[in-house]
Amino acid sequence: MNPIDMMVTDNNCEYLGLSRLCLMESAGKSLAEEVGKIAVYTFSKPVKVVIFTGSGGNGGDGFVAARYLLNRGYDVDIYMLKDNIRSPYSKTNLEILQNMKPRLSRLNIYNLKTLEDIDNCEVAKSNDSEYVIVDGLLGTGINGNLQTNIRRAIEIINESKGVKISVDVPSGMDPLTGEISDLAVVPDYTISFHKIKTGVREADEELVGGLVTADIGIPFEAEYFINYGDFLRLKNRDLSSHKGNNGRLLVIGGSKDYSGAPAIAGMAAIGAGADLVYVASPQKSAEAIKSTSPDLIVKSLDGDKLSLNHSQEILELADNVDAVLIGPGAGIDEETSKLFNVLVAKIKKPIVLDADALKQVELKLIESRDDIILTPHIFEFKSFFNVTDELKLDLDSYDFNHVDENITQFQKITRQIKGTVIVKGQYDLILSGTKFRINKSGNPGMTVGGTGDALAGITVSLLSQGLSTFDSACLGVFINGLAGDEAYKTKGNGFSATDLVSYIGSVMKDGLC
Ligand SMILES: NC(=O)C1=CN([C@@H]2O[C@H](COP(=O)(O)OP(=O)(O)OC[C@H]3O[C@@H](n4cnc5c(N)ncnc54)[C@H](O)[C@@H]3O)[C@@H](O)[C@H]2O)[C@@H](O)CC1
Ligand SMILES: [K+]
């Protein structure tokens, strides 16, 4: 499992009511069980366990494991490389150990503050091989070059003769790629929690030792339901970034009768953080959009509908943006269809296809593109993929098998394409290849016109800010639903799509806190 997905899942557990303190307890308990098994298997008796800890959750797992190991009769020494513990859950678990005074159990806590302390620790000097070293220095939170004292501790662990067990990831290894840019613990075993991290799975066997996966009680739902943890996928902005660095996008839509849809999509895109939003629209709707939304850069196209003779102008605009949305309010017309199919074939930027574009773009043109997001409701879905079978988006079903069957049915269809599909409904389903997520935010007030345009705008905005197609789709539906829920709080079912759009910024701000 990729470490970012893991962080998101851990975080989303909180929204199921499963606290991260509980997860750490499970992780530490499982770790102690595995250490116990390995010790008995290797030495046939309880031996001393030395636990190296850093400032994050990885060290916290070590603090928890210490309690369980002491109860099983092991002597436990903790070598703390950092006393400024960052993780609040680790801090709680360290405090429990510190409160166990006067000591009745065989626990020692050493604070290795300097390189000299590290060089003089018992492990550095001992020739003994009958003990276990637990490496809880760094896990999925590793960042940048190794600090000198952590580096020295890794050298000492590697030079020692004891049996070495890494917690979650060998410290020093990149949990995403398995690369070791400087130095890493070379363990005899790695105990991974919930799922093996991608880097650990991909690294050579001699760099990770025997792999054990420990179940720490994270349910499926925490992985598949989109929730606030998904905001962790949004990167912090570069403080020195300037206009245009954080997303430029183009909305192509509007027709004689519909100017609101592209305007709502464009405003939603700004609400979701894009820097520059261009809208290409036929003359009349362009004028209406200009007069209602001064924040949008509107390109007026000749005539009263989008047609093939606009392709050159639109392609030039598309060259200067990061992502493109095609469809809102475009209407159905032979000329518009021709234009859309040419655009989809020629624009090499990530694209969201919404509303009328879904009725006019040919499936075979997008099959092999992984940078396309489709946003159909169930009827548009059936028509786009030419589905004649009975197919219901009934995720609120009674038993697991039913949900599973339902998703498998959708996957069989969406796997015809490489891109991502958002099937909009009471629960939105987001599908891409073998991946799927479910979104539960939103309310029945969102059946009002324009909320789909807002969703398309938020999604293309996230795409333009560099999120992957799948992540943009997942976070897009979640944010749209949250903004709808905020609008419902003040106006009940009487809110409009513009009301929803006005809440996008604040729900994202709250999500990022
Ligand atoms: N997040 C959760 O809910 C859970 C996390 N768990 C454990 O927590 C770990 C992740 O915790 P964290 O996110 O706190 O990450 P880490 O435990 O990997 O530690 C990150 C800390 O190390 C420091 N650090 C980062 N890069 C460094 C470097 N190059 N040199 C020296 N110090 C460096 C940082 O200051 C940061 O405070 C997992 O690997 C797993 O072991 C488990 O307890 C299960 C639940
Ligand atoms: K580790």
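**Before starting.** Because the model is predicted, local features need pLDDT of at least 70 and side-chain atom pairs count only at pLDDT 80 or more, while totals for chains, interfaces and linings use all residues. Residues are numbered from 1 along each chain as its sequence is written, and chains are lettered from A and ligands numbered from 1 in the order in which they are written.

**The whole chain.** Display the C-alpha trace, which fills a box of roughly 85 × 50 × 45 Å along the principal axes. Colouring by secondary structure shows 20 helices and 16 strands; these are DSSP runs numbered from the N terminus, with helices (H or I) of at least four residues and strands (E) of at least two. Of the 513 residues, 48% are buried. A residue is buried if 20 or more other C-beta atoms, placed from the backbone, lie within 10 Å of its own, exposed if 12 or fewer do, and partly exposed in between.

**The two domains.** Select residues 3-224 as domain 1 and residues 242-512 as domain 2; these bounds come from an automatic or database domain assignment. Their C-alpha centres are 44 Å apart. Within the chain, select 6-224, which an unreviewed UniProt entry lists as "domain: YjeF N-terminal"; UniProt positions follow the numbering used here, feature names are shortened, and annotations may be inferred rather than shown by experiment. This stretch is 43% helix and 17% strand, with its end C-alpha atoms 12 Å apart.

**Helix H1.** Select residues 3-13, where the buried residues include Met-6, Val-8 and Cys-13. The buried residues of H1 pack against H2 and helix H10 (220-224).

**Ligand 1.** Select ligand 1 and the 30 residues around it, of which Gly-56, Gly-57, Asn-58, Gly-139 and Gly-141 come nearest. A residue belongs here if its C-beta atom, placed from the backbone, lies within 6 Å of the molecule. Helix H2 (20-43) and helix H3 (57-71) are the elements that each give two or more residues to this shell. By class, the shell holds eleven nonpolar, 14 polar and five charged residues; Ala, Val, Leu, Ile, Met, Phe, Trp, Tyr, Cys and Pro count as nonpolar, Asp, Glu, Lys and Arg as charged, and the others, Gly among them, as polar.

**Helix H18.** Select residues 451-464 and find Gly-452 there, a position annotated as "binding site" in the unreviewed UniProt entry. Gly-452 is buried because 24 other C-beta atoms lie within 10 Å. Beyond residues up to four places away in sequence, Gly-452 touches Asp-354, Ala-355, Thr-375 and Lys-424; contact requires C-beta atoms, placed from the backbone, within 7 Å.

Ile-458 is also found in helix H18, and counts as buried because it has 30 C-beta neighbours inside 10 Å. Among its contacts beyond four places in sequence are Ala-268, Gly-476 and Ile-504.

**The nonpolar core.** Finish with Leu-249 and Val-324, the residues with the most contacts inside the largest nonpolar core, which has 143 residues. Such a core is a set of buried Ala, Val, Leu, Ile, Met, Phe, Trp, Tyr and Cys residues joined through C-beta atoms within 7 Å. Helix H19 (residues 469-491) gives the most to this core, with ten residues, and both domain 1 and domain 2 contribute at least three residues each. Setting aside neighbours within four places in sequence, the contacts of Leu-249 include Ala-269, Val-324 and Val-460.

Note on methods. Contact = placed C-beta atoms within 7 Å.
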